[in-house]
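Here is a short briefing on one model. It covers the sheet, the helix across it, the aromatic pairs and the salt bridges.

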Amino acid sequence: MEAKPTKISHTIIDQINEQKNDQKNRCYGLLLLMFLSMTFLSANAQKVDPDSLINKIKSAVASFFVDERYLKMEKANANPNAVFATELVGKNSLGYNKNGIYRIGVFQSHAREHVLIKEDHIFKIYDIQEIDETLKDVIEYCKRNKIDVGKMFSYIRVIMDMYDMNYKIIPNSAGKLRTVNEYVYPDSRTDSAKRN
């Protein structure tokens, strides 16, 4: 004999169904919130500089490292992505901020890193060996752009760490020690016999 549903069992079933609907609504709300968050994040991660400006800056960075003898002209011409520029604190790549202070370098081991300051379409490359000028201009940049003291000190700390890393002692292929700033391509030195 089959039991007839009672009013109490209908109430329990209705409560269970209501709980399921609440869970679905919460799940939809959570999905909507995640979608809106992702949309906001992707909107903030859009390139703000034209490719022509990015290429101009990368070309100047490559020329700087060719002059420093950390990059061969042939490699720079063949691969414009042989160099990098990454924002010091925010870690964004070049082109995603109108203004910023960037770590620049060559994609190879034992190459020194330097600093680039960019404000809109104007930029300047700093040889980190001239640390006094670099830090002075970083502080002026921060004041001009109303960057808070905490972030300014973060920039200074990272630059000081870069300076320290650039001048650490590293072994050369012959086992002798030399500073990073003395490391260049062996075939690009004219006085390699005198240095070793």
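Helices are DSSP runs of H or I with at least four residues, and strands are runs of E with at least two, numbered from the N terminus. In helix H4, Glu140 and Lys136 lie four residues apart, about one turn of the helix. The model is predicted. Four strands form an open antiparallel sheet, and helix H4 lies across three of them, E2, E3 and E4. The structure also holds 11 salt bridges and two aromatic pairs.

**The sheet**

- The strand order is E1-E2-E3-E4, with antiparallel pairing.
- Strands E1 (83-87) and E4 (122-126) stand at the edges; each has a single partner strand, so one side of each lacks a neighbour in the sheet.
- From one strand to the next, the twist averages 25 degrees.
- E1 and E2 (residues 99-106) run antiparallel and are joined by five bridges.
- Across that pairing, Thr86 stands opposite Arg103 in E2.
- Six bridges join E2 to E3, again antiparallel.
- Here Ile104 stands opposite His114 in E3.
- E3 and E4 are antiparallel as well, joined by five bridges.
- In this pairing Leu116 faces Ile125 of E4, the two standing opposite each other.
- The hairpin of E3 and E4 has two residues between the strands, and Asp120 takes a positive phi near 60 degrees there.

**Strand E3 and helix H4**

- Helix H4 spans residues 131-144, and E3 spans 114-119.
- H4 runs at about 25 degrees to E3.

**Aromatic pairs**

- Two aromatic pairs are counted.
- Phe64 and Phe65 have ring centres 5.2 Å apart and planes at 90 degrees, so the pair is edge-to-face.
- Phe64 and Phe65 are both buried.
- Phe84 and Phe107 have ring centres 5.1 Å apart; their planes stand at 45 degrees, so this pair is tilted.
- Phe84 has a relative accessible area of 16%, so it is buried.
- Phe107, at 52% relative accessibility, counts as exposed.

**Salt bridges between separate parts**

- Asp49 and Lys98 meet through their side chains in a salt bridge, at 3.7 Å from N to O.
- Asp49 lies in the loop between helix H1 (7-44) and helix H2 (51-67), and Lys98 in the loop between E1 and E2, so the pair ties together parts 49 residues apart in sequence.
- Asp49 is buried, with a relative accessible area of 5%.
- Lys98 counts as partly exposed at 39% relative accessibility.
- Glu113 and Arg103 form another salt bridge, and their closest N and O atoms are 2.7 Å apart.
- Glu113 sits in the loop between E2 and E3 and Arg103 in strand E2, so this pair ties together parts 10 residues apart in sequence.
- Glu113 counts as partly exposed at 21% relative accessibility.
- Arg103 is partly exposed, with a relative accessible area of 21%.
- Arg103 is also the residue that Thr86 stands opposite in the sheet.

- Which residues are linked in a network of salt bridges? They are Lys124, Glu133, Lys136, Asp137 and Glu140.
- Glu140 forms a salt bridge with Lys136, with the closest N and O atoms 3.8 Å apart.
- The cut-off for a salt bridge is 4 Å, so this contact is counted.
- Both Glu140 and Lys136 lie in H4.
- Glu140 is partly exposed, with a relative accessible area of 36%.
- Lys136 counts as partly exposed at 46% relative accessibility.

Conventions. Residues numbered from 1 in each chain as written. Predicted model: local features only at pLDDT ≥ 70, side-chain atom pairs only at ≥ 80, totals over all residues. Heavy atoms only, no water. Pairing = 2+ DSSP bridges. Axes fitted to C-alpha atoms, helices over the stretch in contact; angles between N-to-C directions. Contact = heavy atoms within 4.5 Å. Phe/Tyr/Trp six-rings, centres within 6.5 Å; stacked < 30°, edge-to-face > 60°. Buried < 20%, exposed > 50% of the residue type's maximum accessible area, 1.4 Å probe, protein only.
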